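Student: I am new to this structure and would like to go through it step by step. Could we begin with a helix and work outward?

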Amino acid sequence: MQPQHMHELSVAMGIVEGVEEESARHDGCVSAVHLRLGPLSGVVKEALLSAFELACAGSSIEGAHLIIEEVPIVVYCPACQAQQTIGSIQWFCCPKCGAPTSEVIQGKELEIVALEIE
Ligand SMILES: [Zn+2]
């Protein structure tokens, strides 16, 4: 694990902890964890995947897969009075009219949405 990915490791450990707590209330083993990840969450997907494997090892959910659904950034454009999906995190402008916007509706997600339990 590279030092710059220590953040992902602590995030992954938090995820494993949360999943362990949740799975303790169910019978069976957790086979997969579904996560929604936004580009503005500050987490690198590939780094999180390998950090999750590390964090899982030796835990009660060892062997569970992390399935990451990447969500796009959605902003609210005051000029269009509509929500717009933008492609780049460097360019916070409305893709339709070009007006600058800073109102982020979606893109900061880092949340567990589902567990697969066998
Ligand atoms: Zn617009």
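**The first helix and its surroundings**

Tutor: The buried residues of α1 are Glu-8, Leu-9, Val-11, Ala-12, Ile-15, Val-16, Val-19 and Ser-23. Please keep in mind that this is a predicted model.

Student: What covers the buried residues of α1?

Tutor: The cover includes strand β1, helix α2 and strand β6, which spans residues 110–117.

Student: How many residues does α1 have, and what is its reach?

Tutor: Helix α1 has 18 residues, and from its first C-alpha to its last it reaches 25 Å. That is close to the 26 Å expected at 1.5 Å a residue.

Student: Let us turn to the core. How many residues are in the largest nonpolar core?

Tutor: The largest nonpolar core has 20 residues. Those with the most contacts inside this core are Ile-15, Val-33, Leu-48, Phe-52, Ile-61 and Leu-66. At least two core residues come from each of α1 (6–23), β1 (30–37), α2 (45–56) and β2 (65–70).

Student: Which element gives the largest share of this core?

Tutor: Helix α1 does, with six residues.

Student: Val-33 was on your list. Where does Val-33 lie, and is Val-33 buried or exposed?

Tutor: Val-33 lies in strand β1. Its relative accessibility is 0%, so Val-33 counts as buried.

Student: What is Val-33 in contact with, leaving aside its neighbours within four places in sequence?

Tutor: With those neighbours left aside, Val-33 is in contact with Ile-15, Val-19, Phe-52, His-65, Leu-66, Ile-67, Ile-112, Ala-114 and Leu-115. One of these, Leu-115, is 82 residues from Val-33 along the chain, yet their C-alpha atoms are separated by 4.8 Å.

Student: Changing topic: in what order do the three strands of the open sheet come?

Tutor: The order is β4-β3-β5, and the pairing is antiparallel. Strands β4 (82–86) and β5 (104–106) are the edge strands, each pairing on one side only. From one strand to the next, the twist averages 40 degrees.

Student: How many bridges join β3 and β4?

Tutor: Strand β3, residues 73–77, pairs with β4 over five bridges in the antiparallel sense. Within this pairing, Val-74 stands opposite Thr-85 in β4, and Tyr-76 stands opposite Gln-83 in β4.

Student: What about the turn between them? How many residues does the hairpin of β3 and β4 have between the strands?

Tutor: The hairpin has four residues between the strands. Gln-81 is found in this loop between β3 and β4. The phi of Gln-81 is near 50 degrees, a positive value in a residue other than glycine.

Student: Is Gln-81 buried or exposed?

Tutor: Gln-81 counts as exposed, because its relative accessibility is 64% and the cut-off for exposed is over 50%.

Technical notes. Residues are numbered from 1 along each chain as its sequence is written. This is a predicted model: local features need pLDDT of at least 70, side-chain atom pairs count only at pLDDT 80 or more; totals for chains, interfaces and linings use all residues. Side-chain values use heavy atoms; hydrogens and water are left out. Two strands pair if DSSP finds at least two bridges between them. Axes are lines fitted to C-alpha atoms, for helices over the stretch in contact, and angles run from 0 to 180 degrees between N-to-C directions. A nonpolar core is a set of buried Ala, Val, Leu, Ile, Met, Phe, Trp, Tyr and Cys residues joined through side-chain atoms within 4.5 Å. Buried means under 20% relative accessible area, exposed over 50%, partly exposed in between (1.4 Å probe, protein chains only). Contact means heavy atoms within 4.5 Å. The expected span of a helix is 1.5 Å times one less than its number of residues.
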